[in-house]
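User: Please take me through the fold and packing of the model shown below, one question at a time.

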Amino acid sequence: MRSIPGHISPWLVLAVFAIGLCFASSCKKSAEKASDTTLNIRIAAEPDRINPMLSKSPVASQIEQLIYYKLLDFDRVTLELIPMLAKRMPTVTLIDTGIYRGFTAYDFEIRVEANWDNGSPITGNDLLFSIKLAMHPEVPAGSWKNFLEYIPQVEVDQNNQKKLRIYLNKSYLLADVIAGNFEIYPEYLLDPKGILKGISYQDLNDAAKLKKLSADSSFIQFGQEFAKSGTEASTMLGSGPYKLDNWTPGKELILSRKSDWWGDKISEKEKNSFFTANPSRIKYVLIADELAALTALRNKQIDLCNDIEAKEFQALQTSAEDKNTFNCFTAKLMQFFFVGIHMQKPGLNDLHVRKALAYAMPVDKIIQQLFGGYAERIVGPIHPSKHYYNKALKPIPFDLGLAKKELNDGGWADTDGNGIADKQIDGKKVELSFNLLTTNKKLGQELALIFKQEAKNIGIEINIEAIEAQSFQKRLRARDFDLVNFAIKQYPGYVDLEPSWHSKSIGEKGNNISGFGDASSDAIIDSLNLATDTKEIYRLYREIQEKIYADQAAIFLCSPLERIALNKKWRGEGSDRAPGYFEQLFTER
Amino acid sequence: MNSNTNQNSIWRSFVRYGRYLAQFVFSLFLLAILSFFLLNQMPGDPVLQWSGLGEPNQTKQFDRRYSDATKTLHLNLPEFYFSIHAKCFPDTFYKTNELYQQDQVRSLLWEVKNWPALTAFLNAEKKLRNGLSEESLTQISKPLSNIKSIAELRKFQTGQLREFQSGVGAREDTIVKTFDADIRSILNSSPVAGWWIPVLCWHGQSNQFHNWGKELLTGNGGVSWVDGRAVWSKIDNAFWITLRLSLTALLLSFLIAIPIALFLSLQKRNWLHRLILLSLDFVFTIPLFWLASLTIVFVLGPVYFNLADYFPSFEMAGSASWTGLILPWICIMPGLIAYLSRFLFKLLEEEIHKPYAQQAIAKGLSRRKWLSRHGLRNAAIPYIYTLTMAIPAAIAGSLVLEILFSIPGMGRLTFMSVISRDWPVLFALVMLNGLLTLTGYLVGNIVVSYLDPRLRIPESTNQGQGL
């Protein structure tokens, strides 16, 4: 047995260690600093993958929109739907004869200049390939599959493959968004063997034919391989101005500007904001912790940081040094918060009680305390940046007097002296005691606490149930709650209110959590989804907002403002689309 | 005679270590079952999560797509090799309904206790939904979805259904009448005889647990539900990064703590000694997240030292450089060194107060010589044992450090897998940690028994021990 040496001087060990440290640090004096041509952006979470058909994280879509182009997309500044790969907006024809009778046809033409990186043209066949890929049973492209239900057929013009016709099986408010909303994948790169070539789009929609196809192992394997893709730069090539250069998991993603991108060749007249792509390299650096991110921002390792806490954001704007270095701006994100009310629960089925709850919600205090003032009040389920937001509706004031009056009017009073208002209904005593479901996120819990205290003052008891996200979803699906903290994200353009506010969506297969809806409100939503005239659409939107407001189907709170700091060496502004800026437009000073 | 004894002793060690190994494998198997069932019990619907279908919706093909995705994830299989259920449940309950609906069906079945009757009713409900026009369905859909118990069904039949029936046309009236009869038959159905009898059902190898275990041992560990990457390749990256960070820090601290403990042991008990002990206690109590946050602000921030060039803290992941590790080490090591040196010092103190040590010192052996020849060796046994037990924990990663310094190690991977409910990755991580902990335990025992023969596993219990 070897003896353990007993004569090592502790100082010797420490000295060796210290020398080691010095040596190690001198080895890498030239740590890569933000190079001047690279825009360095902090991301707080890593994308799950870079594949717009399969990815689910918001940061993934942020990066994907620079790599993959669609036929149409919303301008990041004006929020108008504009052509991207399409030469112009589609022409719309209502079909009145033949097998597609009653359908609407959208005729697109892809820009002549549009080419893949290997020089081959981007054609309608690539779009057809992309949607066939999404329909593959092994490909978990759920959101695409949901949208494709509206599209029974896509035809490519055999004389000019840049031209294509997309059929939609019903008139629908969002039809043009749906028709132009698919990112186009390169067929030559992803399916060199032509496995999907011999299979029609209809075959993939037909359960019997799919069953037959599933016996073919090469077909299944093809889908399985694609289902795993999205992490390797070589297969993730799109038609956008950037390509994924390198992805070091857990660290960073680097995009580089394509040197001979087809978009540079189109005429100035046809160019829109999607054809400006200034930074030659964009590096997304993963820094989960906010303090670390701000340190990295201040020592110029990153140029842009978003989602900054209100207090820190104010500090960035007050310190002289920071003011000289950073441009701080906010952006409206298409997101808002509200407290959902289960309108069928005893007590909550009384409009007086719902109104009393709304009066007892101190929204302004919440905006100041929880959002540091960086949020905007809302009155209904439409984001205030939309043209059809109903500005005529006044935000409900925080007024405990009015709240108490509402309860009195409804016949609610504390008869047993337990501090909780009650009322006899069908011979049974019903007390105003509700549970408020919230996830275990800090914001939701703090909001719930503020609300609970105020509601207590008017004799309504609120019991907060803070639970983990999946259990929260499960309870929501089962409609097992009285009140619930809820957040919604919206896209620019029109919003389909059917999934959340039509009475047909009250069941398990729908998101109408409050149970709002009667024949008249359903009729408004139905005609809205079929309307084509802008004025009429706006009128219907305002009308349904009024109804939801009058029925107090939810307590609408506010829409937060994204807080962003950008190093002054870059010039750029905010965008109302997530993540609150459009990096492609940034220019170096 | 001699060869016989030899053979006996080989046989005995074979049995001894075989038993040890069997225990090892059995513990891992138990861990696998436990973690598998716990993860399966977590709320949430992996099919909806993985397939991207979102919340259940009314698109026509939703049900088919849902069941396709269930098959791809092998969640249409039974959970384990066998199941035990009450007689009123069917053997194939696991595949009778969408996962997100199973709870509701289960609670109804516990009330009715008659599976054929309940199935007939569920089919009747589907038929009603398919038969009605969209407008009529809108009216009845709301109350229909609210039925979660038999009492509610009864209330529905006598109330809302009657009301609904009075407002529909002749064609729909027939459909509603049929449905009404179906409701009556379920309300009148009686529990199957002996519904409570537990039934054992054998499912064979085609089950979720078997698939998962097979993937883990022979394949790539399955595929992450979040990004589609192979599980083992995800863990592989994180494993080596954490190994470099935590294990090196642990080993270095372990070595540095020895001279400090020896120094303390030899040092006179005066104010300096007390001061050092107090400082060690103080260092040990500094919270890691606080130290790390301060380090980031002071060392990397531009206001104070601005050493970001020398310690590229956000640059280390995946790169070959060790410099990115220095700051995390500076944060993690003081606490470890303080704890370990305090621990070893205490061991040495206990050792020196034992009679044999007191006698040796009384006979003239210097304290320094006693420490180097006897004390350290004896104290080394629990000290090394602590190290072998700490290694698995070190490899499990330090979440705080990994988040603050943006290090994509095991701690962050585990955390992210929990947050994003990536069970295939989490399951593999739990199993890996279990394996490492058991291995650490085994290695610890072997090392300790090598250092101290008294601690070896007794060869046989009937040999007796010296008093």
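This is a predicted model: local features need pLDDT of at least 70, side-chain atom pairs count only at pLDDT 80 or more; totals for chains, interfaces and linings use all residues.

Analyst: Residues are numbered from 1 along each chain as its sequence is written, while chains are lettered from A and ligands numbered from 1 in the order in which they are written.

User: How many helices and strands are there in chain B, and what is its radius of gyration?

Analyst: Helices (H or I, at least four residues) and strands (E, at least two) are DSSP runs, numbered from the N terminus. Chain B contains 19 helices and two strands. The globule rule (2.2 Å times the number of residues to the power 0.38) and the radius of gyration, taken over C-alpha atoms, are the terms of comparison. For 467 residues the rule gives 23 Å, and chain B is more spread out than a compact globule because its radius of gyration is well over that, at 33 Å.

User: What share of the residues of chain A counts as buried?

Analyst: A residue is buried if 20 or more other C-beta atoms lie within 10 Å of its own, exposed if 12 or fewer, and partly exposed in between, with C-beta atoms placed from the backbone. In chain B, buried residues make up 31% of the 467 residues. Chain A has 20 helices and 22 strands, and of its 589 residues the buried share is 43%.

User: How is H12(B) oriented relative to H14(B)?

Analyst: Axes are lines fitted to C-alpha atoms, for helices over the stretch in contact, and angles run from 0 to 180 degrees between N-to-C directions. Helix H12 (residues 271–285) and helix H14 (residues 323–352) of chain B pack with axes 8 Å apart, at an angle of about 135 degrees. Angles under 35 degrees count as roughly parallel, over 145 as roughly antiparallel, 65 to 115 as roughly perpendicular and the rest as oblique. The angle therefore makes the orientation of H12(B) to H14(B) oblique.

User: Which residues of H12(B) meet H14(B)?

Analyst: Two residues are in contact if their C-beta atoms, placed from the backbone, lie within 7 Å. On the H14(B) side the contact involves B:Pro334, B:Gly335, B:Ala338, B:Tyr339, B:Ser341 and B:Arg342. From H12(B) come B:Leu280, B:Val283 and B:Phe284.

User: How is H19(A) oriented relative to H20(A)?

Analyst: Helix H19 (residues 519–530) and helix H20 (residues 534–551) of chain A have axes 10 Å apart and pack at an angle of about 155 degrees. Among the residues that meet are A:Ile524 and A:Leu528 in H19(A), with A:Leu540 and A:Ile544 in H20(A). The angle therefore makes H19(A) and H20(A) roughly antiparallel.

User: Which helices of chain B do the buried residues of H18(B) pack against?

Analyst: Helix H18 (residues 410–419) of chain B is mostly covered, with seven of its ten residues buried. Among these are B:Met410, B:Leu413 and B:Met416. They belong to the buried residues of H18(B), whose packing partners in chain B are H11 (231–266), H16 (367–395), H17 (399–404) and H19 (423–451).

User: Is A:Gly580 buried or exposed?

Analyst: A:Gly580 lies in the loop between strand E21 (570–571) and strand E22 (587–588) of chain A. Leaving aside its neighbours within four places in sequence, its contacts include A:Asn306, A:Leu333 and A:Ile564. Because A:Gly580 has 20 C-beta neighbours inside 10 Å, it counts as buried.
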